[in-house]
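Dear colleague,

Please find the structure below, handed over for your records.

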Amino acid sequence: TTFSSSCFAMCEQGYSGTAESWSCGLNWTGDSLWTVSLEGLTPECAAEPCLYNFPVGTQYAHDCDGIATGMACEVRCALPLVGTPE
């Protein structure tokens, strides 16, 4: 953004929250020193829950219930099947 203008800070895709307005202006830092800087509130972002692409079928066992953006889960073969978890 340019001096005396504003922009919005917002959450990344996969997170929810309210965008916050930031403005570019002069900031007094003391000792007769002015700087140009962006000022505004940092948005509070919450991870959105994962809702799609869960493993389906009795051949799978998983711990994916309740996960959200940025989290991981493990999918493995349901007993008595065998295989490497992913």
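How many helices and how many strands does the chain have? The chain has zero helices and seven strands, where helices (H or I, at least four residues) and strands (E, at least two) are DSSP runs numbered from the N terminus. In sequence order the pattern is accordingly β-β-β-β-β-β-β.

Please note that this is a predicted model, in which local features need pLDDT of at least 70 and side-chain atom pairs count only at pLDDT 80 or more, while totals for chains, interfaces and linings use all residues. Residues are numbered from 1 along each chain as its sequence is written, and side-chain values use heavy atoms, with hydrogens and water left out.

Overall dimensions and surface

The radius of gyration of the chain is 23 Å, whereas a compact globule of 86 residues would have one near 12 Å. This quantity is taken over C-alpha atoms, and the globule rule is 2.2 Å times the number of residues to the power 0.38. Along the principal axes, the C-alpha trace spans about 75 × 25 × 15 Å. Of the 86 residues, 13% are buried (buried means under 20% relative accessible area, exposed over 50%, partly exposed in between, with a 1.4 Å probe and protein chains only). The accessible surface, from the Shrake-Rupley method with a 1.4 Å probe, comes to about 6800 Å², and carbon and sulfur atoms account for 56% of that surface. Among contacts with a separation of 6 or more, 20% are between residues 24 or more positions apart; a contact means heavy atoms within 4.5 Å.

The sheet

Three strands form an open sheet in the order E1-E3-E4, with antiparallel pairing (two strands pair if DSSP finds at least two bridges between them). Its edge strands, each pairing on one side only, are E1 (6–9) and E4 (33–40). Strand E3 (residues 20–30) pairs with E4 in the antiparallel sense over eight bridges, and Trp28 stands opposite Trp34 in E4.

The cysteines

A search of the whole structure finds two disulfides, a disulfide being a pair of cysteine sulfur atoms within 2.5 Å. With the bonded cysteines numbered in sequence order, the pairing is 1-2, 3-4.

One of the disulfides is formed by Cys11 and Cys45, with sulfur atoms 2.1 Å apart. Cys11 lies in the loop between E1 and strand E2 (15–16) and Cys45 in the loop between E4 and strand E5 (46–47), so this pair ties together parts that are 34 residues apart in sequence. The torsion about their S-S bond is about -95°, and the disulfide is therefore left-handed. Cys11 is buried, at a relative accessible area of 16%, whereas Cys45 is partly exposed at 41%.

The disulfide between Cys64 and Cys73 has an S to S distance of 2.0 Å and is right-handed, with 75° about the S-S bond. Cys64 is buried, with a relative accessible area of 2%, and Cys73 is partly exposed, with 27%.

What of Cys50, and which cysteine sulfur is closest to its own? The closest is that of Cys73, at 7.7 Å, which is too far for a bond. Cys50 counts as partly exposed at 30% relative accessibility. Cys77 is likewise in no disulfide, the nearest cysteine sulfur being that of Cys64, 14 Å away. At 31% relative accessibility, Cys77 counts as partly exposed.

With kind regards
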